[in-house]
Amino acid sequence: MKHEGEKSVSEIMMDMIAQARGNRHDICHFLKVYGYAKTIAELEKVPPEVQKTVEIAAIVHDIACPLCREKYGNTNGKLQEKESGPLVDAFLEDSGLPEEIRRRVSYLVARHHTIEGVDSLDWQILLEADYLVNADESGYPPENVRNAEKVLFRTDAGRLLLKAIYQQP
């Protein structure tokens with residue numbers, strides 16, 4: 001349910017595209033992660049608030065990449081997690097989103113490369129969606145994809161996508 005003055009997911013998407021300042025790789029990456037996260041969440045039939053949280057987290061999950069490139073010379077996942085909190089908070093500050101959703105998005109983004117201790121479906125979906133895109137963009141070998149199916153993927157929808165995309169038996 002959208003509240004008065006609350007930005008839509010599409011408006012947040014437009015804001016994130018603008019913030020990327022023409023970095024088409026970053027834009028295409030988060031658009032793909034968003035597409036998979038939205039699809040997995042819908043197929044897993046999550047409640048509307050969780051759906052919205054997952055979609056927004058997918059859009060902003062790599063918000064720290066530009067800073068990490070500048071500050072560290074790379075976009076290592078743990079560095080992204082370390083730097084993301086204040087960036088997500090500032091980005092969503094004027095979104096009109098309920099505080100609970102903003103906090104949850106920040107929490108998820110600060111853990112989107114952490115596979116230990118996953119205790120919620122929204123976190124699991126974000127991990128799976130990001131892996132689906134990273135495996136393609138980084139050219140992960142078939143054995144990595146098979147291993148990820150065993151150790152990372154937990155949702156039925158995520159597993160089906162992984163098998164369909166990477167032609168796993």
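How many residues does helix 7 have, and how far does helix 7 reach from its first C-alpha to its last? In this predicted model, helix 7 comprises 18 residues and spans 25 Å between its first and last C-alpha atoms. That value is close to the 26 Å expected at 1.5 Å a residue. Helix 7 is mostly covered, with 14 of its 18 residues buried. Glycine 139 follows helix 7 and has a positive phi, near 65°.

Helix 7 (residues 121–138) packs against helix 3 (residues 48–60). The angle of this packing is about 35°, and the two axes lie 10 Å apart. The crossing of helix 3 and helix 7 is right-handed. On the helix 3 side, the contact is made by Val50, Thr53, Val54, Ala57 and Ala58, and on the helix 7 side by Asp122, Ile125 and Leu126. By type, the residues of this contact divide into 6 nonpolar, 1 polar and 1 charged. An α-helix has 3.6 residues a turn, so residues three or four places apart point the same way.

The largest nonpolar core contains 45 residues. Within this core, the residues that touch the most other members are Ile59, Val60, Leu92, Val105 and Tyr131. At least two core residues each are supplied by helix 1 (9–19), helix 2 (24–43), helix 3, helix 5 (77–92), helix 6, helix 7, helix 8 (142–151) and helix 9 (156–166). Helix 7 provides the largest share of the core, 9 residues. With neighbours within four places in sequence left aside, tyrosine 131 is in contact with Tyr140, Asn144, Val145, Ala148, Leu152, Phe153 and Leu162.

Serine 106 is located in helix 6 (residues 99–109). Serine 106 has a relative accessible area of 11% and is therefore buried, the cut-off for burial being under 20%. Apart from neighbours within four places in sequence, the contacts of serine 106 are Gly85, Val88 and Asp89.

Isoleucine 27 counts as buried because its relative accessibility is 12%. Excluding neighbours within four places in sequence, isoleucine 27 is in contact with Ile17, Ala20 and Gly22. The C-alpha atoms of isoleucine 27 and isoleucine 17 are separated by 6.1 Å, with the two residues 10 residues apart along the chain. Glycine 35, in contrast, is partly exposed, with a relative accessible area of 28%. Between the C-alpha atoms of glycine 35 and isoleucine 17 the separation is 15 Å, and these two residues are 18 residues apart along the chain.

Lysine 52 occurs in helix 3. Despite its charged side chain, lysine 52 is buried, with a relative accessible area of 15%. The C-alpha atom of lysine 52 is separated by 8.6 Å from that of lysine 38, which is 14 residues away along the chain.

Terms used. Residues numbered from 1 in each chain as written. Predicted model: local features only at pLDDT ≥ 70, side-chain atom pairs only at ≥ 80, totals over all residues. Heavy atoms only, no water. Axes fitted to C-alpha atoms, helices over the stretch in contact; angles between N-to-C directions. Helix = DSSP H or I, 4+ residues; strand = E, 2+ residues; numbered from the N terminus. Left-handed = near helix turned anticlockwise from the far one by under 90°. Contact = heavy atoms within 4.5 Å. Buried < 20%, exposed > 50% of the residue type's maximum accessible area, 1.4 Å probe, protein only. Core = buried A, V, L, I, M, F, W, Y, C linked by side-chain atoms within 4.5 Å. Expected span 1.5 Å × (residues − 1).
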